[in-house]
Amino acid sequence: MAIDFGERRIGVALSDPMGLIAQPYGVIERQSDRQAADEVADLARREEVGRIVVGRPLHMSGQPSEMTSRAEKFARMLAARTGLPVDLYDERLTTVSAERILIEQNVRRRERRATVDAAAAQVLLEDYLRSRQRADGEDAEFEG
């Protein structure tokens, strides 16, 4: 499961059990960190999630942004509530990529606003899964 943490909305994406395909799941309207973490934890239990990836918002320079510490705090809260491993992963340009994909799919502006957070979580999860596949491939080559 991937989380695109935002001030108002939290985008959610899920992968298949093999970790090959990521799909947008939806959006959680955030009233507070506690409420949002409880909803994510409930969803993780329902969907039998094994790991959560939280987008780590950084400036383009790679420096922490204003939201970085909030996302990190939220990730710690999720780990405590779920007992699952929670990874932080660089989310630079995920929203831009998601917007671009939705535009290419001819999704109207009003509809894009409603779905861009879940699409950004999907892009984040796809990037994360690819990075893990590369790392696993490198490990296999190293052992071989």
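Me: How do I read accessibility for a residue such as Asp33: at 13% relative accessibility, does Asp33 count as buried or exposed?
Reply: Start with the cut-offs: buried means under 20% relative accessible area, exposed means over 50%, and partly exposed is in between (1.4 Å probe, protein chains only). At 13% relative accessibility, Asp33 counts as buried. Keep in mind that this is a predicted model, where local features need pLDDT of at least 70 and side-chain atom pairs count only at pLDDT 80 or more, while totals for chains, interfaces and linings use all residues. Residues are numbered from 1 along each chain as its sequence is written, and side-chain values use heavy atoms, with hydrogens and water left out.

Me: Where does Asp33 lie, and which residues does Asp33 touch?
Reply: Helices (H or I, at least four residues) and strands (E, at least two) are DSSP runs, numbered from the N terminus. Asp33 belongs to helix H1, residues 33-46. For touching, the rule is heavy atoms within 4.5 Å. Leaving aside residues up to four places away in sequence, Asp33 touches Phe5, Phe74 and Met77.

Me: Two of those are Phe. How many aromatic pairs does a search of the whole structure find?
Reply: Rings of Phe, Tyr and Trp (its six-membered ring) pair if their centres lie within 6.5 Å; planes under 30 degrees apart are stacked, over 60 edge-to-face, and the rest tilted. The search of the whole structure gives two pairs. In one, the ring centres of Phe5 and Phe74 are 4.8 Å apart with planes at 35 degrees, so that pair is tilted. Phe5 sits in the loop between strand S1 (2-4) and strand S2 (9-15), and Phe74 in helix H2 (residues 68-82), so the pair ties together parts 69 residues apart in sequence. Both Phe5 and Phe74 are buried.

Me: And how are the planes of Tyr89 and Tyr128 placed?
Reply: Edge-to-face: 90 degrees between the planes, 5.5 Å centre to centre. Tyr89 is in strand S5 (residues 86-90) and Tyr128 in helix H4 (residues 109-143), so this pair links parts 39 residues apart in sequence. Tyr89 is partly exposed at 22%, whereas Tyr128 is buried at 7%.

Me: What is the strand order in the open sheet?
Reply: The general idea: strands of a sheet pair through backbone hydrogen bonds, either parallel or antiparallel. Two strands count as paired if DSSP finds at least two bridges between them. Here five strands run in the order S3-S2-S1-S4-S5, with mixed pairing. S3 (22-29) and S5 are at the edges with a single partner strand each, so one side of each has no neighbour in the sheet. S4 (residues 52-56) and S5 pair in the parallel sense over five bridges, and Val53 has Asp87 in S5 as bridge partner.

Me: Which strands does H1 touch as it packs on the sheet?
Reply: H1 touches S1, S2, S3 and S4. H2 also packs on the sheet, touching S1, S2, S4 and S5.

Me: Back to charges: how many salt bridges are there?
Reply: A salt bridge is a side-chain nitrogen of Lys or Arg within 4 Å of a carboxyl oxygen of Asp or Glu. The count is six. Among them, Asp33 meets Arg30 at 2.8 Å, N to O, and both residues are buried. Another joins Asp42 and Arg45 at 3.0 Å, three residues apart in H1, about one turn of the helix. Asp42 is partly exposed at 38%, and Arg45 is exposed at 52%.

Terms used: Axes are lines fitted to C-alpha atoms, for helices over the stretch in contact, and angles run from 0 to 180 degrees between N-to-C directions.
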